[in-house]
Amino acid sequence: MQSFTHVRVYLACHYNTDSMPHLFDSLKVRDVEFSNRIVVSPMCQYSCQNGFASDWHLVHLGSRAVGRAAAVIAEATAVTPDGRISPADLGIWTDAHIEPLRRVFAFVAEQGAIPGIQLAHAGRKASTDAPWKGGKPLSPAEGCWSPIFAPSALAFS
Ligand SMILES: Cc1cc2nc3c(=O)[nH]c(=O)nc-3n(C[C@H](O)[C@H](O)[C@H](O)COP(=O)(O)O)c2cc1C
């Protein structure tokens, strides 16, 4: 709490805070109008089978939109199956992945939020386990895959 007070005092002394935008002020970026300054950042859920969005994603992302975040960005979404972090990652490597994602984003948009997606390739971090299972490279018994395409040959540890 003390550091927040310091920040407030610093701002009050150095800036005219009356002219600063507020959290619930709208924001226009090119043609996109955000109703406030709250953006839900992408958060891996490790809750997919074969990369497909499910009711989990509808509720997880949809409830943030219902809560009035201005924008809701879907988690890292693999553009190739070998580019997933874990076997339970969200993906968009076939046309069949589109409809379940469309359903989620349509609901988010119906609530007045801007839907977004983080297109991703895991690089060195591909073929690893979910964080709550240790996040380590998968063994063959756990369904690891290779080769792993990454900018570095150093294995993820
Ligand atoms: C559960 C969880 C999952 C996350 N998954 C992703 C992800 O898919 N992609 C990403 O770029 N960052 C991911 N992050 C990082 C967040 O998007 C965010 O950048 C990070 O939490 C820092 O923001 P903060 O300082 O507001 O907490 C994740 C964070 C959490 C807590």
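Guide: Tyr46 is partly exposed, with 17 other C-beta atoms within 10 Å, where buried means 20 or more other C-beta atoms within 10 Å of a residue's own, exposed means 12 or fewer, partly exposed lies in between, and C-beta atoms are placed from the backbone. This is a predicted model, in which local features need pLDDT of at least 70 and side-chain atom pairs count only at pLDDT 80 or more, while totals for chains, interfaces and linings use all residues. Residues are numbered from 1 along each chain as its sequence is written.

Visitor: Where is Tyr46 found?

Guide: Tyr46 sits in the loop between strand 3 (39-40) and helix 2, with helices (H or I, at least four residues) and strands (E, at least two) taken as DSSP runs numbered from the N terminus. Its phi is positive, about 50°, although Tyr46 is not a glycine. Most residues other than glycine have a negative phi, and most peptide bonds are trans.

Visitor: And Ser127, is that buried or exposed?

Guide: Ser127 counts as buried, because it has 23 C-beta neighbours inside 10 Å. Ser127 also has a positive phi, near 65°, in a residue other than glycine, and it belongs to the segment after strand 6.

Visitor: Which peptide bond is cis?

Guide: The bond from Ser146 to Pro147 is cis, with omega near 0°, and Pro147 is placed in the segment after strand 6 (114-120).

Visitor: Switching to the ligand, which residues are around it?

Guide: Ser41, Pro42, Met43, Cys44, Glu75, Ala76 and Gln118 are around the ligand, a residue being near a molecule if its C-beta atom, placed from the backbone, lies within 6 Å of it. By class, that shell has 4 nonpolar, 2 polar and 1 charged residues, where Ala, Val, Leu, Ile, Met, Phe, Trp, Tyr, Cys and Pro count as nonpolar, Asp, Glu, Lys and Arg as charged, and the others, Gly among them, as polar.

Visitor: What about the largest nonpolar core, which residues touch the most other members?

Guide: Of its 26 residues, those are Ala69, Ala71, Val72, Val104, Val108 and Ala113; such a core is a set of buried Ala, Val, Leu, Ile, Met, Phe, Trp, Tyr and Cys residues joined through C-beta atoms within 7 Å. Helix 2 (55-66), strand 4 (71-78) and helix 3 (98-110) are the elements that give two or more residues to this core, and strand 4 supplies the largest share, 6 residues. In soluble globular proteins, nonpolar side chains tend to be buried together.

Visitor: What is Val104 in contact with?

Guide: Leaving aside neighbours within four places in sequence, Val104 is in contact with Ala53, His57, Leu58, Leu61 and Gly62, contact meaning that two C-beta atoms, placed from the backbone, lie within 7 Å.

Visitor: Last one, how many helices and strands in the protein chain?

Guide: The protein chain has 3 helices and 6 strands, which follow the pattern α-β-β-β-α-β-β-α-β along the sequence. Of its 157 residues, 27% count as buried.
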